[in-house]
Amino acid sequence: MRQDLTVQQMSEDDDRSPPLDLRCASINKTRNCTGAVSGSGSSTSSSSIPVPVTEYQSPYPDQVLENVLENVLYFLTSRRDRNAASLVCKSWLRAEALTRSELFIGNCYAVSPARATGRFRGVRALVLKGKPRFADFNLMPPDWGAHFTPWVSVMAKAYPWLEKVCLKRMSVTDDDLALLAESFSGFKELMLVCCEGFGTSGLAFVASKCRQLRVLDLIETEVNDDDVDWISCFPEGESCLESLIFDCVEYAINFDALEKLVARSPSLKKLRLNRHVSIGQLYRLIVRAPQLTHLGTGSFSPSDAAQADLEPDYVSAFAACKSLVCLSGFREIIPDYLPAIYPVCANLTSLNFSYANITAEQLKPIISNCHKLQIFWVLDSICDEGLQAVAATCKELRELRVFPINAQEDIEGPVSEVGLQAISEGCRKLQSILYFCQRMTNAAVIAMSNNCPDLEVFRLCIMGRHRPDHATGEPMDEGFGAIVKNCKKLTRLAVSGLLTDRAFGYIGKYGKLIRTLSVAFAGDSDMGLKFVLEGCPRLQKLEIRDSPFGDAALRSGLHHYYNMRFLWMSSCRLTRQGCQEIARAMPRLVVEAFRSEGEEETSDYVETLYMYRSLEGPRDDAPKFVTILRADG
């Protein structure tokens, strides 16, 4: 039973995705339950022969209670709440499994497809994750694994009614997409985030076969060009598309086919275009779809063949988009066209300029009208002056991400503690921040901890190794200490700069809600990691690179590893013997050691360690550069 209970506990990071609406099924179950009760009552009242008292009792009291419980569980949408309910007793465990319509698996190797489908038999939506996040930074070889093939093969038989699939960092083939498109007649939503392995042939299968498709979102995903016109494969006639995102596709699409598709998609609300769509083509699309709420603009520059004297009225086209609240794109922006978006700024709640190389002066006329803005992503090209303008206007801001236009370590960056302090003073409702910079001070970080106590995510990336407080030369310990001490809701933390074990002591002492911790080039000794592993009871994901933590630090987490989703350590001070000790002590933990290119398998040094819990034991598709350390090894 303990193993079954672990299936739904493989990930609990995000409770925002509710199960699909099963109210009709709930009503039917209520009728069945009512009929059973009334039937028992009517049989006793209609008889004139004395009946023993025992005859008045329902012959199936447990079944009645389970029917009632199932009706209640249909309205329980939080995964954590459902997981807690399943731990009450066996009947609750069984009822929760029967009523779960959305399955979230945070590690595709943590449980087998057969076990998952055998337990949860009514699933209509699957969210499945593969590689850890460090794969996004080229720290994991592309052929490591995380294949979707075994999952879709089993689901094709177990879940013929499946409607929604969301994959993240998975390896997906064209055959996988073809099988998905052919197996689920009512399939409606496909979202591929940071995936790879497939091409336009697979997309063509999905577009042509899934006639009820509402969502096709490709986000930060690599798509191979098979010279197949997948946009033209959508069926003729009115489309039920609600969301089409392909801004990551690196080649031109058939624009005429796209324009026709948009025109016959009256329910389309989200459209994000790639860099091959010019601003002139964007105009033609938005005049046909003024109902859009989310728009990715494509290049936001004219095509080479455009004629300047025939340019359309972009301002009027945007002004007609009365429902637009989310704006992104600007992949190859020409700032002269930015005034076109002025009419929609007042209604925007989300603005993504993370591809737009613009200055503070170009930003100010836009941001000064964005009083409702809650999410803002931007390049550091706007400098501290641009962040000050954001702080002066965006009082409702909840999430800020500032990305570097130049990620080199030894340069004078355009944003600093000045911009961070301005944001903390002006945007006091901030809940999440990712901030890349070249220099920082403890005072600015402490000010943010005091001014923004509702922070749940704080990721400060000081580029350059072991950089101290820019003003005092001291370690950044006190700044990060203030964040974990004053921000009581903090669940995710990324640390950088010159940090000693004192900083990790603060994290262990005050970071009781932290679930995800990322560490790079930080710490003095094994004690730093020991503070974290012994002090953060809710830690789920721990990512460490280039830090002085060795075998003793690794052993300090033996009590907690079964409660974590994964631990990643690269370029630290681990040995094969130390990792083998963990494998022996925790047989249900998969311990993978990666070798770098040219490294002998007999080397005692472990370049990369990836550990994760699993009900199935070591996987059988590990590549040659991965050695799985076993308990009997």
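## A first look at this predicted chain

Start with how the chain connects to itself: among contacts (heavy atoms within 4.5 Å) between residues at least 6 apart in sequence, 72% join residues at least 24 apart. This is a predicted model, in which local features need pLDDT of at least 70 and side-chain atom pairs count only at pLDDT 80 or more, while totals for chains, interfaces and linings use all residues. Residues are numbered from 1 along each chain as its sequence is written, and side-chain values use heavy atoms, with hydrogens and water left out.

**The chain as a whole**

- The protein chain has 21 helices and 23 strands; these are DSSP runs numbered from the N terminus, with helices being H or I runs of at least four residues and strands being E runs of at least two.
- Of the 633 residues, 54% are buried, where buried means under 20% relative accessible area, exposed means over 50%, and partly exposed is in between (1.4 Å probe, protein chains only).

**Strands E1 and E2**

- Strand E1 (residues 102–105) is covered on both faces: Glu 102 and Phe 104 are buried on one side, and Leu 103 and Ile 105 are buried on the other.
- E1 runs parallel to strand E2 (residues 125–129), and four bridges join them; two strands pair if DSSP finds at least two bridges between them.
- Opposite Phe 104 you'll find Val 127 in E2.
- To get from E1 to E2, the chain goes through helix H6 (residues 113–119), making a right-handed β-α-β crossover. Right-handed here means that, with the strands pointing away from the viewer, the path from the first strand over the helix to the second runs clockwise.

**Helix H16**

- Helix H16 (residues 442–451) is largely enclosed by the rest of the structure, because seven of its 10 residues are buried.
- Those buried residues are Asn 442, Ala 444, Val 445, Ala 447, Met 448, Ser 449 and Asn 451.
- They pack against helix H15 (417–426), strand E15 (432–437), strand E16 (457–462) and helix H17 (477–486).

**Cysteines**

- There are zero disulfides in the structure, counting a disulfide as a pair of cysteine sulfur atoms within 2.5 Å.
- Cys 89 is partly exposed, at 28% relative accessible area.
- Cys 326, on the other hand, counts as buried, at 15% relative accessibility.

**Two positive phi values**

- As background, most residues other than glycine have a negative phi.
- Glu 220 has a positive phi, near 50°. Glu 220 sits in the loop between strand E6 (215–219) and strand E7 (223–224), and is partly exposed at 47% relative accessibility.
- Cys 383 also has a positive phi, near 65°. Cys 383 belongs to helix H14 (residues 383–393) and is partly exposed, with a relative accessible area of 30%.

**Around Pro 266**

- Look for Pro 266 in the loop between helix H10 (255–263) and strand E9 (270–273); this proline is partly exposed, with a relative accessible area of 45%.
- Setting aside neighbours within four places in sequence, Pro 266 is in contact with Glu 238, Ser 239 and Gln 291.
- From Pro 266 to Arg 288 is 22 residues in sequence, and 9.2 Å in space, C-alpha to C-alpha.
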